[in-house]
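Hi there,

Here is the structure I promised to pass on to you. Have a look at it first, and then read on for what turned up.

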Amino acid sequence: MTYKVSITECDSYDLEKVRTGVSVSLEPLGGLQHFVHTGDRVLLKVNMLGAHHLDAAITTHPAMVQAIVELIQDRGATPVVGDAPGGGCGAATYRSLLRTTGIQQVIDATGCESVRFDDDKVEVVSHKARTFKKLWICKAVTEADAIIGVPKLKTHLLTHYTGAVKLLYGYVPGMTKAEYHVHTARDVRLFAELLLDLYETYPPTLSVMDAVVGMEGEGPSNGTPRDIGLILASASGTALDYVATT
């Protein structure tokens, strides 16, 4: 099967520019209406790795999130924003994380819902997985009518690159991530199998990558911001990642 990957220039996080960039990036794919329908509950899986300042280019920029939230609302659907930072995250810590990453500002401005992935998890038996047939994931993932991944373009010390597929490790609640890391024992190939099994089990309906400012070096949290000036979009996370790394 052939997938399209749309690449659109966007030189700043000015909200109007990002709104335009996201809309233009979706046009070759059929527009958001091809992926989201009236009444849908749409989960936005963002990157909120930790309570880092936006200038560090570690987390998904809130302008990207707000632009997509507003497009979803225009479709008469319900956007829900969430993530599961590594190491577990209590309710108070998660509220602080939302504020620091600017996502709370989006929630306040748009009235969209948010979900803390650590609140509720379920064990899923996957018939599409190749290696990890049983997966513990956030219940909100299983309840969504559509999932939109909004990854940040970054390098990564273990996987070399983190994008649309790696973003889905956030499906896994925080403390459970540590158990998976022990099981994969920093075997990058085995860890990649886990990521692909998560992807195959609950693939995003759409991925829209924040590559306006990316990160290079010792990512995912200790690299150097790099101006890239792009927004990438695709129905295929694997195709998007292939294009982003070539």
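A word on the basis: the model is predicted, so local features need pLDDT of at least 70 and side-chain atom pairs count only at pLDDT 80 or more, while totals for chains, interfaces and linings use all residues. Residues are numbered from 1 along each chain as its sequence is written, and side-chain values use heavy atoms, with hydrogens and water left out.

Strand β3 covers residues 78-83. Helices (H or I, at least four residues) and strands (E, at least two) are DSSP runs, numbered from the N terminus. Strand β2 (residues 41-46) pairs with β3 in the parallel sense over 5 bridges; pairing requires at least two DSSP bridges between two strands. Because 5 of its 6 residues are buried, β3 is largely enclosed by the rest of the structure. Buried means under 20% relative accessible area, exposed over 50%, and partly exposed in between (1.4 Å probe, protein chains only).

Now to another spot. Histidine 156 sits in strand β8 (residues 152-156) and counts as buried because its relative accessibility is 12%. Leaving aside residues up to four places away in sequence, histidine 156 touches Tyr161, Thr162, Lys166, Gly219 and Pro220, where contact means heavy atoms within 4.5 Å.

Enjoy exploring!
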